[in-house]
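Here are my notes for you to read beside the model. Please keep the structure open as you go through the points.

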Amino acid sequence: GDAMCARKYLLRCCIKHGINIPGRPCFLEVIFNKGSRVEQRVESREMPQDSPWNFLVEAPGVSLYNLPSIEVKIMESSHLVPVHMGSAFLQIDDILEGVIQLELPVQLTPIFRATGSPMISVAYQLCLHNSDFVELTELS
């Protein structure tokens, strides 16, 4: 069992698109392990408003002893300073085979209004080897 637990995986996570997100120019900031000493941040380019986002982020060194928490911040980008529109959270609790597709609720900042429940669609995969990769951006 211990060898299994110590195995290191590459997490590949694709943020596919937003659902019921207020239609504004925005980009994404993805924060792994917020507040820890191994915190990492990745920013996307500006996201298209009328087509899928398909923003792919990767984090190496994931194991059963070291499962990441992920915050996806949606940042409105039409002002001089980006404005935080809302966040979604992904907590990975186990090492699972294959591709996991989820819709995560977005907690909107009160100044933004949504019609319906704001969500983001994500697909993620934990890979041991490069050969395991699935093209996450091409999943429907």
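Which residues lie on one side of strand 2 and which on the other, and are they buried or exposed?

1. **Strand 2, both faces.** This is a predicted model, so read every value here as computed from the prediction. Cys26, Leu28, Val30 and Phe32 sit on one side of strand 2. Phe27, Glu29 and Ile31 sit on the other. Each of these residues is buried, and both faces are covered. Strand 2 spans residues 26-32, and seven of its seven residues are buried. As background, side chains in a regular strand alternate between the two faces of the sheet.

2. **Neighbours of strand 2.** Strand 2 pairs with strand 5, residues 69-76, in the antiparallel sense. Seven bridges join strand 2 and strand 5. Within this pairing, Val30 faces Val72 of strand 5. Strand 2 also pairs with strand 3, residues 40-43. That pairing is antiparallel too, over four bridges. Here Ile31 has Arg41 of strand 3 as its bridge partner.

3. **Arg24 and Glu76.** The whole structure holds five salt bridges. One of them joins Arg24 to Glu76, with the closest N and O atoms 3.3 Å apart. This pair links distant parts of the chain, 52 residues apart. Arg24 lies in the loop between strand 1 (9-19) and strand 2, and Glu76 lies in strand 5. Arg24 is partly exposed, because its relative accessible area is 35%. Glu76 has 2% relative accessibility and therefore counts as buried.

4. **Glu71 and Lys34.** The side chains of Glu71 and Lys34 form a salt bridge at 2.9 Å, N to O. This pair also links distant parts of the chain, 37 residues apart. Glu71 belongs to strand 5, while Lys34 is in the loop between strand 2 and strand 3. Glu71 has a relative accessible area of 6%, so it is buried. Lys34 is partly exposed, at 47%.

5. Arg41 forms a salt bridge with Glu39, the closest N and O atoms being 2.8 Å apart. Arg41 is partly exposed, with a relative accessible area of 43%. Glu39 also counts as partly exposed, at 30% relative accessibility. Glu29, Glu39 and Arg41 are linked in a network of salt bridges. Recall that Glu29 is one of the buried residues of strand 2. In general, side chains of opposite charge can pair when their charged atoms come close.

6. Which strands form the open sheet, and in what order? Four strands form it, in the order 4-1-9-7, with antiparallel pairing. Strand 4 (55-62) and strand 7 (99-105) are the edge strands, and each pairs on one side only. From one strand to the next, the twist averages 25°. Strand 1 and strand 4 run antiparallel and are joined by six bridges. Arg12 stands opposite Glu58 in strand 4.

7. **Leu108.** Leu108 is part of strand 8, residues 107-108. Setting aside residues up to four places away in sequence, Leu108 touches Pro22, Met85, Gly86, Arg113, Ala114 and Pro118. The C-alpha atoms of Leu108 and His84 are separated by 8.6 Å, and these two residues are 24 residues apart along the chain.

Terms used
Residues are numbered from 1 along each chain as its sequence is written. This is a predicted model: local features need pLDDT of at least 70, side-chain atom pairs count only at pLDDT 80 or more; totals for chains, interfaces and linings use all residues. Side-chain values use heavy atoms; hydrogens and water are left out. Buried means under 20% relative accessible area, exposed over 50%, partly exposed in between (1.4 Å probe, protein chains only). Helices (H or I, at least four residues) and strands (E, at least two) are DSSP runs, numbered from the N terminus. Two strands pair if DSSP finds at least two bridges between them. A salt bridge is a side-chain nitrogen of Lys or Arg within 4 Å of a carboxyl oxygen of Asp or Glu. Contact means heavy atoms within 4.5 Å. Axes are lines fitted to C-alpha atoms, for helices over the stretch in contact, and angles run from 0 to 180 degrees between N-to-C directions.
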